[in-house]
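Dear colleague,

I am passing on the structure we talked about, and the notes that follow it set out what was found. Please read them with the coordinates open.

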Amino acid sequence: MFFKRTSLNTSSRDKPLRHLLLFHDLYFIALIVLAVASGGYGIYLWDKASKQSQRINFVIQEIYLVRGDLYRQTKELFDAFFLQEENALHEYNQYTTSILDHLERLQNIAIDQEERDALMDIELKYRNLVNEAPALFYRYQNNPDRKAQKSIYQDIETGIFRHYEEVSKRAETLLFVKQGEIKHRLDDARSNSIAVLSLPLILACILIVYSRRILKNSIVRPINDIMQATNAISTGNLSHQVPEAGAEELAVLSREINKMAEDLAASRDALVKSEKQAALGLLVPMLAHNIRNPLASIRATAQVIDDPLLDKDTQESIQGIIHTVDRLERWTGSLLSYLHPIKPMLNQLLLSSIVQGAISTLQPKLNEKQIKVIENSATIKRLVLTDEHLLEQMLYNLLLNASEASPKGTEIQLSCTLANNLLTITMIDQGPGMPFKPEPHALTPGPTTKRFGTGLGIPFAFKVCEELGGAMAFDSEPGQGTRITITLPQ
């Protein structure tokens, strides 16, 4: 009747919806961060290459400005010596200052030794030109003829200027090579940026497919199953069960619906038996009265035949009959007390005597299943304030349930502690666990399974605990036994 469907997506099954949503949120955030990082990295590379390209263009521009100023400076030198212009030498010196400023700026923006060496060669060639050119013109003044003038032109053009142009060309070639490398890096950066930016798109597509699969297996299909189950239950098919699959919340909802169907089925059965239970409630006092009379006769007969002259075994048997009849009388009264208000008779008693009384009555059943009760009630020397018969009957019922649920050859642990005016009794069995969680104020008895007998044991125990001012809690998991904790104030 119970089953679970094996989901295709086992990694997301039984995970809470909040975890799935958190996973998707983190995934999308990661995609956004990756896209932003990729874009930022591409912008960084582009900006870096752009600045480097601008720097190289600035260097080339400065070299062109140096060349232009140099030609104009040489013209002023020609004007000073050949045309005898008065302001030519002043302008010549201004161009010298301007060229030196350009060369200084070039040295400041050079970033590696190769550039510095190339620019240093330009500066050296320029200084050579400035030092050698005036000497040529002064030589012309000593011999001012056309042949000397032509000789000066040739010396400047083929000598000083040619050497300057060579080093300047080498510097420009170096810069053009670097500019080509920057362009190549920009192309690589563009290609890499496209590849990196495409990765979030691919991951987004994968997430869409994966999300659709999760949505179908963890949400849509379980909801459809729940709707089908509710329709079936509403038509009276209480045996229909919802597959406990999908997200954790939906699995819990399916489990609760299954439990609701079981409770409804149990309630329906309880309604069928309600008249019998009502009749039983009327019959129990009469039966108890009819049982008490034979018990009284049995006890009286046992007392009559009890003779000190009898052998020891016979006397022990007679005393056992009397004690058993007394216990049956007390338990009959307890049954009537469950049906009627309980009035505890509190006395100062040894807890060990109460525990041993409950265990001794149950000893034949324990021996039959070879179950040992490990208890430590004898360690509590202080008297406890309680009702002996009610507490003994409650412990007997709980031990009976535990023994019926425990496998053969196992142990039942009964731990007792008394501290801070609070008596705590803990009972632990090794059974399969409880199929339901007992409620203190349940209106109906528990399920009539082997573990709970008539179903009155646990309700009676709750009632006794309440009348004694205490509480009782059940902690049970399937396959891991049951822990019952009883607390009674002192």
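**Cores, surface and loop**

Leu351 touches Ser377, Ile380, Val384, Leu391, Cys416, Leu423 and Ile425, leaving aside residues up to four places away in sequence. Apart from the core discussed below there is another one, of 24 residues, which includes Val66, Leu70, Leu77 and Ala110. Please keep in mind throughout that this is a predicted model.

As for the whole chain, the protein has 9 helices and 7 strands, and of its 490 residues 37% count as buried. Among contacts with a separation of 6 or more, 73% are between residues 24 or more positions apart. The accessible surface comes to about 28,800 Å², and carbon and sulfur atoms account for 59% of that surface.

To return to Leu351, this residue belongs to the largest nonpolar core, which has 40 residues, and it is listed with Leu398, Met472 and Ile486 as touching the most other members. Two or more residues of this core come from each of α7 (351-368), α8 (388-405), β4 (411-419), β5 (422-428), α9 (457-467), β6 (471-476) and β7, and the largest share, 9 residues, is given by α8. In soluble globular proteins, nonpolar side chains tend to be buried together.

Strand β7, which spans residues 482-489, also holds Thr482. Thr482 has a relative accessible area of 2%, and because this is under 20% the residue counts as buried. The side chain of Thr482 is joined to that of Ser476 by a polar contact of 3.2 Å.

Together with Leu26, Ile29 and Val33, Leu22 makes a nonpolar surface patch of about 370 Å². Asp69 also has its place in helix α1, but at 7% relative accessibility Asp69 counts as buried. A polar contact of 2.7 Å joins the side chain of Asp69 to that of Arg72, and, not counting residues up to four places away in sequence, Asp69 touches Tyr95, Ser98, Ile99 and His102. Of these, His102 lies 33 residues from Asp69 along the chain, and their C-alpha atoms are separated by 9.8 Å.

Helix α2, made of residues 88-109, contains Gln107, which touches Arg116, Leu119, Met120 and Glu123 when residues up to four places away in sequence are not counted. Between Gln107 and Glu123 there are 9.7 Å from C-alpha to C-alpha, with the two residues 16 apart in sequence.

Finally, which backbone angles deserve a look in the loop between β4 and β5, where Asn420 is found? Most residues other than glycine have a negative phi. Asn420, however, has a positive phi near 55° without being a glycine, and Asn421, which is placed in the loop between β4 and β5, has a positive phi of about 55° although it is not a glycine either. As to accessibility, Asn420 counts as exposed at 78%, whereas Asn421, at 45%, counts as partly exposed.

With best regards

How values were computed. Residues numbered from 1 in each chain as written. Predicted model: local features only at pLDDT ≥ 70, side-chain atom pairs only at ≥ 80, totals over all residues. Heavy atoms only, no water. Helix = DSSP H or I, 4+ residues; strand = E, 2+ residues; numbered from the N terminus. Buried < 20%, exposed > 50% of the residue type's maximum accessible area, 1.4 Å probe, protein only. Contact = heavy atoms within 4.5 Å. Areas by Shrake-Rupley, 256 points an atom, 1.4 Å probe, with all protein chains shown as cover. Polar contact = N/O pair within 3.5 Å; in protein donor to acceptor, adjacent residues only side chain to side chain. Core = buried A, V, L, I, M, F, W, Y, C linked by side-chain atoms within 4.5 Å. Patch = residues over 30% accessible without salt bridge, like charges linked within 9 Å, V, L, I, M, F, W, Y side chains within 5 Å. Salt bridge = Lys/Arg side-chain N within 4 Å of Asp/Glu carboxyl O.
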